[in-house]
Amino acid sequence: MSIKVKGSRAQPMSRLLGGGGELAPLMRTAKLIARAQQHLRDHLPDEVGEHVHVGGFREGKLTIITDRAVWLTWLRYEQQRLLTLLHQLPEFAAVTGFTLKVRPVRPLKVPARQVRQLPAPAAAEIAACAADTEDPRLKRALERLASHAQPLD
């Protein structure tokens with residue numbers, strides 16, 4: 001398989017992301033979504049704001065995502081007020097409604113740490129093996145393992 005050289009040169013990021021670059025429409029949409037997100041959060045009660053995320057804009061509808069059904073129900077009752085809030089910003093005058101979705105956020109589960117205990121008699125046996133071993137790397141490893149013994153009471 002061959003790689004063909006493209007005739008054009010690499011473009012600076014500022015040219016791609018701003019003005020008339022290829023990614024400029026995507027960047028404008030991302031900025032608009034971020035602005036809608038911030039505007040809604042500024043005007044929503046604190047307990048709701050952290051659970052509401054603007055997901056996109058399509059066909060005149062703004063997608064609002066929340067992590068629980070209880071907030072979705074609240075948003076349904078507040079749709080008209082939220083629409084009025086968004087219409088305060090000129091770039092959102094075209095918003096005619098909302099698409100509401102629930103997307104639960106599952107926290108990462110950190111595996112429980114297993115703490116293993118080495119009984120003192122086992123540590124003594126390992127230390128004795130280390131004393132009889134000639135290989136220096138194995139000897140150090142056995143000594144390190146023996147040092148994990150439970151302290152004697």
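Predicted model: local features only at pLDDT ≥ 70, side-chain atom pairs only at ≥ 80, totals over all residues.
Trainee: Why does histidine 39 count as buried?

Mentor: Its relative accessibility is 13%. Buried means under 20%, so histidine 39 falls in that class.

Trainee: What makes the link between the side chains of histidine 39 and glutamine 88 a polar contact?

Mentor: The two side chains are joined at 3.3 Å, and the cut-off for a pair of N or O atoms is within 3.5 Å. Leaving out residues up to four places away in sequence, histidine 39 touches Leu85, Gln88 and Leu89.

Trainee: Why are H6 and H7 called roughly antiparallel?

Mentor: Helix H6 (residues 120–132) and helix H7 (residues 136–146) pack at about 165°, with axes 8 Å apart. Angles over 145 degrees count as roughly antiparallel, and therefore H6 and H7 are described that way. The crossing of H6 past H7 is left-handed. Among the residues making the contact are Ala123, Ile126 and Ala130 of H6 and Leu142 and Leu145 of H7.

Trainee: Which residues touch the most other members of the largest nonpolar core?

Mentor: They are Leu40, Leu62, Ile64, Leu82, Leu86 and Phe98, out of 21 residues. Elements giving two or more residues to this core include helix H2 (24–43), helix H5 (79–86) and strand E3 (97–102). H5 supplies the largest share, four residues.

Trainee: What does phenylalanine 98 contact, leaving aside neighbours within four places in sequence?

Mentor: Phenylalanine 98 is in contact with Lys61, Leu62, Ile64, Gln79, Leu82, Leu83 and Leu86.

Definitions and conventions: Residues numbered from 1 in each chain as written. Heavy atoms only, no water. Core = buried A, V, L, I, M, F, W, Y, C linked by side-chain atoms within 4.5 Å. Buried < 20%, exposed > 50% of the residue type's maximum accessible area, 1.4 Å probe, protein only. Contact = heavy atoms within 4.5 Å. Polar contact = N/O pair within 3.5 Å; in protein donor to acceptor, adjacent residues only side chain to side chain. Axes fitted to C-alpha atoms, helices over the stretch in contact; angles between N-to-C directions. Parallel < 35°, antiparallel > 145°, perpendicular 65-115°, else oblique. Left-handed = near helix turned anticlockwise from the far one by under 90°.
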